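Let's learn to read a protein structure together, one feature at a time. Have a look at the model first, and then we will talk it through.

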Amino acid sequence: MSAVIIGTAGHIDHGKTALVKALTGMDTDRLEQEKQRGITIELGFAPLELPGGQRAAIVDVPGHERLVKTMVAGTSGIDLVMLVVAADEGVMPQTREHLDICRLMGVKKGLVALNKIDMVDDEEWLELVEQQLEQELAGSFLEGAPVVRVSAKTGHGVDELLGQLARLAGANARSTVKAPPYLAVDRVFAAKGFGAVVTGTLVSGSIEVGQQLDVVPDPDGRLRRLKARNIEVHGEPVQRVDAPSRTAINLAGTEHTKLHRGQVVVSSGTLEPTTQLEASIELVPGVKP
């Protein structure tokens, strides 16, 4: 059981979450504070069946500049990006920042959703925004990508957007099941009666109920040989999950307070701690070192 992972990106209040709801019927803003303030604070997730039956999962990220670390966590393991740009504003600072982050995280494909076209009556303005997008995306992995005019409010263009996502998903088919399991954790919580649960994107391999797993980094050595008690994919219990897929793993043998975003779940004995690190550093244009 695997799915194409689609991540949103874009400036705050350009309608990412509303567009996800228009595509999936699900409101990914689950926190009361998010609903009160009308902005996304935490990562949101929703399943999506694309035209032709291809399964997908959407990771909805916050657009506020102060929540960039949360946005980075959301881009881990995504296959495609849906860059959302409001037609009445055009490209804004977090549009560029999110595009840079996606590039640095290795995202290779995606499209642009020119949202909120119901707010613009001037065709010349829309054409100017599209020209701006063409200039901004030149030389990036989104150069020449589809730009779909859409309105999350009225539903205009949603079918075309789904069709373009399906086309990209079909061209992005990949199999990583044979590689060792590697799940990037982006959320941790305690489920009543079950205990610690981690959710994230299974980037490679497969995980089965009963399998022994390690959670790393693990400075104290207490997160080894944990048992996968239960596995769910978008609320449905499964016996096995294959990459790529959004999944939740109920881990026996630890408390949720010992776990956090940024850790990874791997097969027991796969990874060992090290004191050495190799890294390459790239400065994003316009950002002071």
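**Reading the model, step by step**

Q: Where does Glu 282 lie?

A: Glu 282 sits in the segment after strand S15 (264-267). Strands (E, at least two residues) and helices (H or I, at least four) are DSSP runs numbered from the N terminus. Before we go on, note that this is a predicted model, in which local features need pLDDT of at least 70 and side-chain atom pairs count only at pLDDT 80 or more, while totals for chains, interfaces and linings use all residues. Residues are numbered from 1 along each chain as its sequence is written, and side-chain values use heavy atoms, with hydrogens and water left out.

Q: Which residues does Glu 282 touch, not counting residues up to four places away in sequence?

A: A contact means heavy atoms within 4.5 Å. By that rule, Glu 282 touches Arg 103 and Leu 104. Glu 282 and Leu 104 are 178 residues apart in sequence, yet 8.4 Å apart in space, C-alpha to C-alpha. With Arg 103, Glu 282 makes a side-chain to side-chain polar contact of 2.7 Å. A polar contact is a pair of N or O atoms within 3.5 Å; within protein, one must be able to donate a hydrogen and the other to accept it, and residues adjacent in sequence count only if both atoms are side-chain atoms.

Q: What is the relative accessible area of Glu 282?

A: Here is the scale: buried means under 20% relative accessible area, exposed over 50%, and partly exposed in between (1.4 Å probe, protein chains only). Glu 282 has 46%, which means that it is partly exposed. In the protein, 49% of the 289 residues count as buried.

Q: How many helices and strands are there in the protein?

A: There are six helices and 15 strands.

Q: What span should helix H5 have?

A: The expected span of a helix is 1.5 Å times one less than its number of residues. H5 (residues 123-137) has 15 residues and should span 21 Å; its end C-alpha atoms are 21 Å apart, which agrees.

Q: Which residues of H5 are buried?

A: They are Leu 126, Val 129, Leu 133 and Leu 137. Seen down the axis of H5, these buried residues fall within an arc of 65°, so they line one face of the helix. The arc is that of the directions from the helix axis to the C-beta atoms. An α-helix has 3.6 residues a turn, so residues three or four places apart point the same way. On the other side of H5, Glu 124, Glu 134 and Gln 135 are exposed.

Q: What covers the buried residues of H5?

A: The cover includes strand S4 (80-86), helix H4 (93-104), strand S5 (109-115) and strand S6 (147-149).

Q: What is found at the start of H5, and what follows H5?

A: At the start, a side-chain oxygen of Asp 122 reaches to within 2.9 Å of the backbone nitrogen of Glu 124. After H5 comes Gly 139, with a positive phi near 85°.

Q: At what angle do helices H1 and H6 pack?

A: Axes are lines fitted to C-alpha atoms, for helices over the stretch in contact, and angles run from 0 to 180 degrees between N-to-C directions. H1 (residues 16-24) and H6 (residues 158-171) pack at about 85°, with their axes 10 Å apart. They are therefore roughly perpendicular to each other, a label for angles of 65 to 115 degrees; under 35 counts as roughly parallel, over 145 as roughly antiparallel, and the rest as oblique. Where they meet, Leu 19, Ala 22 and Leu 23 in H1 face Val 158, Leu 161, Leu 162 and Leu 165 in H6.
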